[in-house]
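Here are my notes on this one, written to be read with the model open beside you. Have a look at the picture first, then go through the points.

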Amino acid sequence: MNELNLNWGLIGPLLALQVVLAIIGLISLSKTEQVRGPKWMWVLFLIFGNLLGSVAYFTLGRKEF
């Protein structure tokens, strides 16, 4: 049986960053009035888009900063 050798010292902080950005993005999305595109699309980006979905929301999705 193959053991999965992952470098958790590298992957762990990236996963934590992804979860934190997704939560902050979802909170921001719930409080904002207007975004570029429908809100449901940004929810899907934030939940399923991994780290890039969160970055896309913060750079492209928000109309106001």
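1. The protein has a radius of gyration of 14 Å, whereas a compact globule of 65 residues would come out near 11 Å. That radius is taken over C-alpha atoms, and the globule rule is 2.2 Å times the number of residues to the power 0.38. The C-alpha trace spans about 50 × 20 × 15 Å along its principal axes.

2. A word on where this comes from: the model is predicted, with local features needing pLDDT of at least 70 and side-chain atom pairs counting only at pLDDT 80 or more, while totals for chains, interfaces and linings use all residues. Residues are numbered from 1 along each chain as its sequence is written, and side-chain values use heavy atoms, leaving out hydrogens and water.

3. How much of the protein is buried? Buried residues are 22% of the 65, where buried means under 20% relative accessible area with a 1.4 Å probe, protein chains only.

4. Now zoom in on H3, where Gly53, Ser54, Ala56, Tyr57 and Gly61 are buried. They sit on the same side of H3, because they cover an arc of only 160° around the axis (judged by the directions from the helix axis to the C-beta atoms). An α-helix has 3.6 residues a turn, so residues three or four places apart point the same way.

5. What covers those buried residues of H3? Helix H1 (8-31) and helix H2 (39-48) are included in the cover.

Methods:
Buried < 20%, exposed > 50% of the residue type's maximum accessible area, 1.4 Å probe, protein only. Helix = DSSP H or I, 4+ residues; strand = E, 2+ residues; numbered from the N terminus. Contact = heavy atoms within 4.5 Å.
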